[in-house]
Amino acid sequence: MTVATAGHPTPAHPEPAGADNRLVVGGATLTWRSLPLPTLPDPAAVLAHRAVHALTAARQHAVYGTELLLGTASRVDAAMRTELLAAGFTVSLLDDDGGHPSAPTRPRPAEPGRLWLLTSGSTGRPKRVGHTLDTLTTVRAEQPARTWLCPYAPGTYAWWQVVTLSLTQPGQHLVVVEPDELDDWPTIAAAHGVDAASGTPTFWRRTLYRDAAALARVPLRQITLGGEPVDQAILDQLREVFPAARISWIYASSEVGASIVVHDGRAGFPVDWLDRQTPGRPTISVRDDELVVTSPHHGAGLSGPIRTGDRVQVLDDRVLITGRLDSDEINVGGSKVSAGVVRGVLAGHPAVAWARVTGRRAPVLGRMVVAEVVLTPTDPSDRAVPDEAALVRWCADRLPEHAVPRRIRVLTEIPVKETLKSDV
């Protein structure tokens, strides 16, 4: 990897406060300070070959303030690469041999200190959202010493949340796992003393499904969930394995930053948080069943109330986020069904490890509710394993007739994307 030496611009900032925090990545134990600094063009769209290369780019930005968009080659297709080149970025694949740049088609001056994130693309093609290291650093109060697991794809909002915590807070160590290590992350985490981990509900469900015993051996004191709807079933399952840990779920996005943090072990957040205005904190509202956030942590060019595209349901004293507006609502013969509500009912079955609910075209009704599930591993001789009819009856006892899935397909593995989500 090319190290920044002669010819590199003068550092714009001192070493970050977490410079001496321990980093475990690619089988090596390092610190932020000992990471080699790559020489990057400015502005740069860096496609990191491995996790360690992403960390070096993050440190380089923290010290030099180079305008940076960080991601992986798998998240940047040919069309997006062309778009970045036209927007003035040098697109550079960063690996052990250094950077391999492609020059921009429309060069422009860099914007010092700017960080760009690519959204997850849940509403279509990914788009760029501008931030700074400061707007991405949402944990500022002094924290107890922790060793964090970072399983996220480099450059995502969730990745930056864990990385900025380690960069800016002494005592926040980091164990980073590559995509090909995800199935074995509990073993890696236990070996390196990980006691705090952040992941999507799919990430936690998949780990519980594959090897709950290995997960239980990780000495977790802090468990964080986010990135997808968080239902009561996954919170209860984690509480059963880790009765003494603090379990938090966070609502955050590239556009509005970290906006909701809940620690009480219940799905959703208290209804009396709605429209509560506190200086320096986001204001959360609901308009036409959509979550609306006014946040001091929003991306560049955004201001005021921002419609998130996430559908919410107010149930008793809680506000539940059920899914994306454009995919959560299923119209069955004129009756509206929330895919998230049906998914929550299925996930509440003790034998269901994961569920996805969608709409399918149907004669007369127009659409019907269908589902896919992954069942909790059991002894093959166990006759209590539910079949499709049993799961339909479970739903029929808890949902109106038009919301009951008409087809339920059983999968053998929980699907997961690079973002650790599974399009639920």
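Which cluster do ring pairs link together here? I found that ring pairs join Trp185, Phe203 and Trp204.

**Before going on**

I am looking at a predicted model, in which local features need pLDDT of at least 70 and side-chain atom pairs count only at pLDDT 80 or more, while totals for chains, interfaces and linings use all residues. Residues are numbered from 1 along each chain as its sequence is written, and side-chain values use heavy atoms, with hydrogens and water left out.

**Entry: aromatic pairs**

I looked up the ring pairs and found six aromatic pairs in the structure. Rings of Phe, Tyr and Trp (its six-membered ring) pair if their centres lie within 6.5 Å; planes under 30 degrees apart count as stacked, over 60 as edge-to-face and the rest as tilted. I began with Phe89 and Trp116: their ring centres are 6.5 Å apart and their planes stand at 85°, so I noted the pair as edge-to-face. This pair links distant parts of the chain, 27 residues apart, with Phe89 in the loop between helix H2 (78-86) and strand S5 (90-95), and Trp116 in strand S7 (residues 115-118). Helices (H or I, at least four residues) and strands (E, at least two) are DSSP runs, numbered from the N terminus.

Are Phe89 and Trp116 buried or exposed? Buried means under 20% relative accessible area, exposed over 50%, partly exposed in between (1.4 Å probe, protein chains only). Phe89 has 1% relative accessibility and counts as buried; Trp116, at 18%, counts as buried too.

Next I turned to Trp185 and Trp204, whose ring centres are 5.8 Å apart with planes at 85°, so this pair is edge-to-face. Trp185 lies in helix H5 (residues 185-191) and Trp204 in helix H6 (residues 201-216), so the pair ties together parts 19 residues apart in sequence. Both Trp185 and Trp204 are buried.

**Entry: charges over Trp116**

I went back to Trp116 to look for charges over its ring. A charge sits over a ring if NZ of Lys or CZ of Arg is within 6 Å of the ring centre and within 35 degrees of the ring normal. Arg114 lies over the face of Trp116, 5.9 Å from the ring centre, and the charged end of Arg128 sits over the ring of Trp116 at 5.8 Å from the centre.

**Entry: helix H4**

How many of the twelve residues of H4 are buried? I found ten, so H4 is largely enclosed by the rest of the structure. Among them are Tyr157, Trp159 and Trp160.

**Entry: the sheet and Glu290**

I traced an open sheet of five strands, in the order S15-S19-S18-S17-S16 with antiparallel pairing. Strand S15 (269-270) and S16 stand at the edges with a single partner strand each, so one side of each has no neighbour in the sheet. Two strands pair if DSSP finds at least two bridges between them.

Glu290 is in strand S17 (residues 290-294) and stands opposite Arg311 in S18. I noted Glu290 as buried, with a relative accessible area of 8%. The side chain of Glu290 reaches the backbone nitrogen of Gly309 at 2.8 Å. The backbone nitrogen of Thr308 lies 3.5 Å from a polar atom of the Glu290 side chain.

Notes
Polar contact = N/O pair within 3.5 Å; in protein donor to acceptor, adjacent residues only side chain to side chain.
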